[in-house]
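Subject: Structure handover

Hello,

Here is the structure for your files. Please keep it open while you read the notes under it.

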Amino acid sequence: MLLHILLFVGVLVTSEGLESLVPASQQTEIETLAHTKGTRNVNTTWSLRRTNLRKLSDRARYVASSCKEIQSIYGEQEDGLYYLTTANGMRYQTFCDMTTAGGGWTLVASVHENFIQGKCTVGDRWSSQQGNNANLPDGERNWSNRNTFGVAESATSDDFKNPGYYDIIAEDMSVWHVPNNFPLEHWKLGAILRYHTNNHFLSLYKGNLLNLFKQYPVRYNIGSCSQRGPAIPIVYDHGDKKSTAYFYGPNSRAEFEPGFITFRAINNERAAMAICSGVKPTGCHTEHYCIGGGGYFPQSSRQCGDFTAFDWGGGASASKAMIEAAVLLFYR
C-alpha cells in the first residue's frame, strides 16, 4: 500500500511539475535567481568574447612569418590564434602553441578522417579523392604542392593546410593527436598524444615538409618496403612509447618501434604512405599505422584513404581513439 502511495505521489510530481510543490513566494524568488544567473552567464560570455576579439585585433598588427618570430619579436607567451605573413605578403591566421617545450610552434596542417569507410573519396585530401586509381599513384599530391585548404579553428573537424606548410623555414616538428571536433581552446588538454622532434632534422630538407616530400616522391612499384624515408626520434609532451603502441592493434605493434616520426613509408605491395606518426616501421604492413600519401593500393581499395587501412579488422586495426583523432602538424 505504501509503495502505491509513493508511486502516486511520483506521478503527481512528474505530471504537474515540481513547481506545484513550491509555494508561490518561493517560485518568484527562484525565477528571479535563475534570471539573474542566466544574465550573469550571458554577460560573462560576451565579456570573454570582447576580450578575445581585442586580443586578435592587437595580434593582427604583428608582422612575422612564424609563431617563433612572434614569440621572439613581440614576447607573446599565450597559446591561441595569431596572424602570419608569407614571404610574398599573404596574410593568414593559424594557431600558435606558445608554451610547449619553450613554445613558438606554428600549426601548418591537420589530417582528419571524415569517413573511415570512404576509401579515397571526397574529403581524403591527403591521399586521393579520385578513388583507388593506378593511373594516379600519387593521388592529390598535397604533401608536395602549395595547395591550401580549411581554416585553423576547424582543424579537428576537417583537413587543414595553410601557407606556412611551404613558406616557413623550420627546424623541428610537433604533432598532436586531438579527438575529432574538439574546440580549439581544448586541443592541448584533450590530445591523446603530443610529441616533438628536437634534432633540427628539417634543416636537412630546406626547412619544411614540402621540400622533404619532393625529395621522397611517390613512385609506385619501385624498390621495396625497406626503402623508406627518414625516421626521426621524438620527445613526448603527453603520452609515451607504451601508450603510442597501444593505440594500434597487436599485429601492428609487432612490426613497429614507437618513439619516432617516419616519412614516406612503403608497404608490402610497394604502395606509399606519407607519415607514420609516432612510430618507425620494422615490417611492411605500414598501411595499418601510417597515414596519407598515395592514391593507389594494389592489394585492395580498402587500404586507400587518409587513414589508409586503420579499420582493416582483427589485430590489424587501429584503436577507435586513434581513428577518431585528427593529426595536427606544427613547425618551429
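Predicted model: local features only at pLDDT ≥ 70, side-chain atom pairs only at ≥ 80, totals over all residues.

Residues are numbered from 1 along each chain as its sequence is written, and side-chain values use heavy atoms, with hydrogens and water left out.

Pockets

A pocket here is an open set of points on a 1 Å grid over the protein atoms alone, where a 1.4 Å probe fits, with protein on both sides within 12 Å along at least five of seven lines; lining residues have an atom within 4 Å of a point. Volume is the space filled by probe spheres set on the points, which are joined across faces, edges and corners.

The largest pocket has a volume of about 410 Å³. Its lining has 14 residues, and Asn 52, Gly 80, Leu 81, Leu 184 and Glu 185 lie nearest the centre. Two or more lining residues come from each of helix 2 (24–59), strand 1 (80–85) and strand 2; helices (H or I, at least four residues) and strands (E, at least two) are DSSP runs numbered from the N terminus. Helix 2 gives the most, with four residues. By class, this lining has four nonpolar, three polar and seven charged residues. Nonpolar covers Ala, Val, Leu, Ile, Met, Phe, Trp, Tyr, Cys and Pro, charged covers Asp, Glu, Lys and Arg, and the others, Gly among them, count as polar.

The second largest pocket has a volume of about 210 Å³. Of its 13 lining residues, Pro 217, Arg 219, Ile 222, Gln 227 and Ile 266 are the closest to its centre. The classes are six nonpolar, five polar and two charged.

Single residues

Thr 94 is in strand 2 (residues 91–97). Thr 94 counts as buried because its relative accessibility is 0%; the cut-off for buried is under 20% relative accessible area, with a 1.4 Å probe and protein chains only. Leaving aside neighbours within four places in sequence, the residues in contact with Thr 94 include Gly 80, Leu 81 and Phe 160, where contact means heavy atoms within 4.5 Å.

Arg 141, in the loop between strand 3 (105–111) and strand 4 (160–161), has a positive phi near 65°. Arg 264 also has a positive phi, near 45°, and lies in the loop between strand 9 (256–263) and strand 10 (273–281). Arg 264 is buried, at 6% relative accessible area.

Regards

Definitions and conventions:
Buried < 20%, exposed > 50% of the residue type's maximum accessible area, 1.4 Å probe, protein only.
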